[in-house]
Amino acid sequence: MALKRVIPCLDVDEGRVVKGTNFVGLRDAGDPVELAARYDDEGADELVFLDITASHERRETIVELARRTADNVFIPFTIGGGIRTADDAQAVLDAGADKVSVNSAALARPELLTELAEVFGAQCVVIAIDAKRAGARDEVPDRAVEPAGRLAPEPGDTGREAEDVAGVMSSWDVYVNGGRRVVEGRDAVAWAREATERGAGEVLLTSMDRDGTTDGYDLELTRAVAEVVAVPVIASGGAGELRHLEQGIVEGGADAVLCASIFHYGTHTIREAKQHLHEAGVPVRLT
Amino acid sequence: MASIAILNYGMGNLRSVEKALERVGAEVVVTADPQAARAADGVILPGVGAFPAAMRQLRELELDALVAERLGAGTPVLGICLGLQLLFERSTELGGADGLGLVPGEVTPLEAPGLKVPHIGWESVRWERSSELIDGLTAATPFYFVHSFGVRPADSADVLGSAEWGERFTCAVARPPLYGVQFHPEKSSAAGLRLLANFTRICAPVPA
């Protein structure tokens with residue numbers, strides 16, 4: 001059986017790592033390739049680079065990033081951000097990337113996923129989905145549907161619990177532009193299923209509710225997607241402690257866990273994360 | 001230092017293999033020219049894609065004969081991923097095609113009911129015997145795989161390593177000086193570099 005993966009994610013702007021890091025011993029803490037090599041040494045199973053460069057030279061910067069990474073880092077890596085066409089994908093794959101991830105371009109034109117899969121193979125195509133609980137938009141079902149006799153909500157009761165009691169399935173909206181804009185009419189779980197049926201070979205699933213918190217992955221979201229797709233799911237957004245990684249895999253059903261700050265800020269090393277998962281009975285690659 | 005020719009027959013990206021070999025100290029030439037490959041101490045047959053198309057390309061470039069000729073001369077050859085599969089007698093992929101026939105046996109789809117194919121990810125490799133190719137690698141070393149087909153060696157003596165995906169399948173063969181691995185050493189971190197370093201050492205000319 002495939003070993004569960006731990007994947008550090010690096011946000012890159014104009015060829016530089018966006019978030020500062022607390023790593024000691026790096027010559028240049030802002031160099032994504034030096035950081036990537038460090039993660040490889042520590043036992044990272046894969047890497048994801050998310051490019052947030054806004055300039056017109058964007059494609060050249062991500063191709064250059066892919067080339068320098070492939071020259072120095074000998075684990076699989078994915079490049080996302082700015083992949084809008086098969087030509088964009090070709091350029092970064094030719095430069096040495098193993099996969100491309102697409103997000104808003106696939107929402108704008110879902111056929112892109114099929115085109116990419118037909119040219120490069122589904123194993124090269126990752127659908128990135130930024131999901132946010134529909135309840136977070138105050139669109140939880142009308143309280144009138146609650147069963148009779150339900151106690152009044154306690155202070156601090158969440159919309160989620162109200163939904164559960166009402167017997168209504170939780171749902172998640174799809175967001176683009178870094179969580180700033182909702183995509184009308186798209187349910188995240190249904191989109192994950194459609195995207196994989198169209199050709200995506202993996203789902204990178206980020207909870208916008210949890211991203212930037214250290215509260216752990218949205219396990220309900222992760223599980224809902226893992227249950228309806230036939231490809232691996234990468235849980236993302238919210239990991240703050242090592243037990244969160246374990247939960248994402250064991251309770252969320254994820255095949256891989258993606259983390260950023262937990263490693264960037266030196267809270268834990270990848271080796272510690274692997275050891276924790278190993279001791280929890282999760283099959284991982286120990287180095 | 002050993003010089004190694006990576007055969008470039010138009011199937012897949014060779015950059016990572018090239019850079020990984022350079023990292024372990026090999027002098028690398030990426031070439032489709034049999035004459036250039038003849039000058040090298042070792043040959044790597046890489047490959048990603050479909051078996052029949054790969055064989056057509058190899059024949060067109062006369063690299064099929066080159067591989068057999070180099071082996072006959074005692075030059076080490078390492079097949080990687082599709083390059084391993086091409087070493088066998090035939091594959092059933094896309095209607096079937098004959099391979100290089102350098103290792104007895106055939107190539108058929110992975111039999112992994114209920115599991116995802118292609119098989120992608122890190123998998124522990126069990127070594128079935130010792131070989132210079134795996135010097136220094138531990139008993140259950142994880143390597144990175146991306147494949148849908150598996151090789152079925154007719155002679156168990158050729159099996160160097162195996163892994164499990166629904167079934168236990170052969171993922172490394174050794175018939176010195178011929179070697180092949182289903183996984184991607186160039187994407188398998190330190191263990192992969194170690195294997196490539198071992199191959200480079202196998203290729204190194206013995207000092208006169």
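This is a predicted model: local features need pLDDT of at least 70, side-chain atom pairs count only at pLDDT 80 or more; totals for chains, interfaces and linings use all residues.
Residues are numbered from 1 along each chain as its sequence is written, chains are lettered from A and ligands numbered from 1 in the order in which they are written, and side-chain values use heavy atoms, with hydrogens and water left out.

Let me begin with the interface. Chain B contributes 21 residues and chain A 27 residues to the contact, where contact means heavy atoms within 4.5 Å. Together the two chains bury about 2000 Å², 54% of it on carbon and sulfur atoms; buried area here is the accessible area, taken with a 1.4 Å probe, that two parts lose on being put together, summed over both.

Between chain B and chain A there are two salt bridges, each being a side-chain nitrogen of Lys or Arg within 4 Å of a carboxyl oxygen of Asp or Glu. A:D98 pairs in this way with B:K187, with 2.8 Å between the closest N and O atoms. On the side of chain B that touches chain A, at least two residues each come from α1, β8 (119–127), β9 (140–147), β11 (159–165) and α6, helices being DSSP runs of H or I of at least four residues and strands runs of E of at least two, numbered from the N terminus. The element that gives the most to this side is α1(B), with five residues. By class, this side of chain B holds eight nonpolar, five polar and eight charged residues, with Ala, Val, Leu, Ile, Met, Phe, Trp, Tyr, Cys and Pro counted as nonpolar, Asp, Glu, Lys and Arg as charged, and the others, Gly among them, as polar.

Now to the helix pairs. In chain B, the axes of α1 (residues 15–23) and α6 (residues 189–203) come within 9 Å and cross at roughly 70°, which makes α1(B) roughly perpendicular to α6(B), a word used for angles of 65 to 115 degrees. The axes are lines fitted to C-alpha atoms, for helices over the stretch in contact, and angles run from 0 to 180 degrees between N-to-C directions. Here B:A20, B:L21 and B:R23 of α1(B) meet B:L193, B:L196 and B:T200 of α6(B).

In chain A, α5 (residues 111–120) and α7 (residues 188–198) pack at about 35° with axes 8 Å apart, and A:E111, A:L113 and A:T114 of α5(A) meet A:W191, A:A195 and A:R198 of α7(A).

Over all chains, the count comes to 29 salt bridges. One of them joins A:K274 and A:D45, at 3.0 Å from N to O; A:K274 lies in helix α11 (residues 270–279) and A:D45 in the loop between α1 (32–42) and β3 (47–51) of chain A, so the pair ties together parts that are 229 residues apart in sequence.

Finally, the backbone. The peptide bond from B:P176 to B:P177 is cis, with omega near 5°, and B:P177 sits in the loop between β12 (167–175) and β13 (178–181) of chain B. A:E14, a residue other than glycine, has a positive phi near 55°.

Conventions
Angles under 35 degrees count as roughly parallel, over 145 as roughly antiparallel, 65 to 115 as roughly perpendicular and the rest as oblique.
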